[in-house]
Amino acid sequence: MKISNNLVGLLNFLTFLLSIPIVVAGVWLSKQGSTECEKFLDKPVIILGVFLMLVSLAGLIGACCRVSWLLWVYLLVMFLLIVVLFAFTIFAFAVTNKGAGKVLSEKGYKEYRLGDYSHWLQKRVNSTKNWNKIKSCLIDSKVCSTFRDKYFNDTISELYKENLSALQAGCCKPSDDCGFTYVSPINWSSNGTIVSSNPDCRTWENDAKVLCFNCQSCKAGLLDNIKSNWKKTAVVNIVFLIFLIVVYSVGCCAFRNTRRDNEYWKH
């Protein structure tokens, strides 16, 4: 058996082993997931695991047993995966190119405006159905409970100097231009009057399950997180794309070797 066939077989055997814990994790989430956030992930994880398992089996059997039609299917799927991953990488850079937090004078954190971000991303978070799921995940992740506990003993001047995350600044406290009186990190008093034109000021509530989770600033904070994470993902995708192209090239060599061997044995 040629070196290319051995290499494709080895890589797909390792991928098959990797797919097993992914499927197990997906099944575990479907059975044990206690929050909507956890249950939301189970199906994509199972689908990913099964997909990797089937593709790796096709490549493994095709390369090791010289089954040319299985290798052809494997290469087709690999080619489509490369195209999709390339398109997603370009898309990720395009939609995350716009938007950034506003630097505040003498503050350790930034303020976030929804209108500063990509219209495509805005549309996703402005969907009531989507946002209710996201909001449930944010509450379940205790992002604001952690914020409250960490800065509970801070005075207002100390809180202003803290280096807050985009989600903490956008979801766990009212906007600075609301002019609310500070009581504790997640407890602010409006003193009965709201003069700011910022709609988030009227959305804010001191209830730990409400706070500013329905505010535009919270959605903007989430988009800033997505922007940062997607850019990192896009960079990883570029490295993965190079790896896939190398594997695809080796797979093409294995396919040619398999066809040549099959033709040889026929004669």
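Select Cys144 and Cys172 to begin: their link is left-handed, with -90° about the S-S bond. The two form a disulfide with sulfur atoms 2.0 Å apart (a disulfide being a pair of cysteine sulfur atoms within 2.5 Å). Cys144 sits in helix 6 (residues 143-150) and Cys172 in the loop between helix 8 and strand 3, so the pair ties together parts that are 28 residues apart in sequence. Helices here are DSSP runs of H or I with at least four residues, strands are runs of E with at least two, and both are numbered from the N terminus. Cys144 and Cys172 are buried, where buried means under 20% relative accessible area, exposed means over 50%, and partly exposed is in between (1.4 Å probe, protein chains only).

A word on what you're looking at: this is a predicted model, with local features needing pLDDT of at least 70 and side-chain atom pairs counting only at pLDDT 80 or more, while totals for chains, interfaces and linings use all residues. Residues are numbered from 1 along each chain as its sequence is written, and side-chain values use heavy atoms, leaving out hydrogens and water.

Next, pick Cys171 and Cys218, another disulfide, with sulfurs 2.0 Å apart. Cys171 belongs to helix 8 and Cys218 to helix 10 (residues 216-266), so this pair ties together parts that are 47 residues apart in sequence. The S-S torsion of Cys171 and Cys218 is about 90°, so their disulfide is right-handed.

Now try Cys212 and Cys215, whose sulfur atoms are 1.9 Å apart in a disulfide. Their S-S torsion is about -85°, so this one is left-handed. Cys212 counts as buried at 0% relative accessibility. How many disulfides does a search of the whole structure find? Four.

Lys173 lies in the loop between helix 8 (166-171) and strand 3 (181-184). Is Lys173 buried or exposed? At 1% relative accessibility, Lys173 counts as buried.
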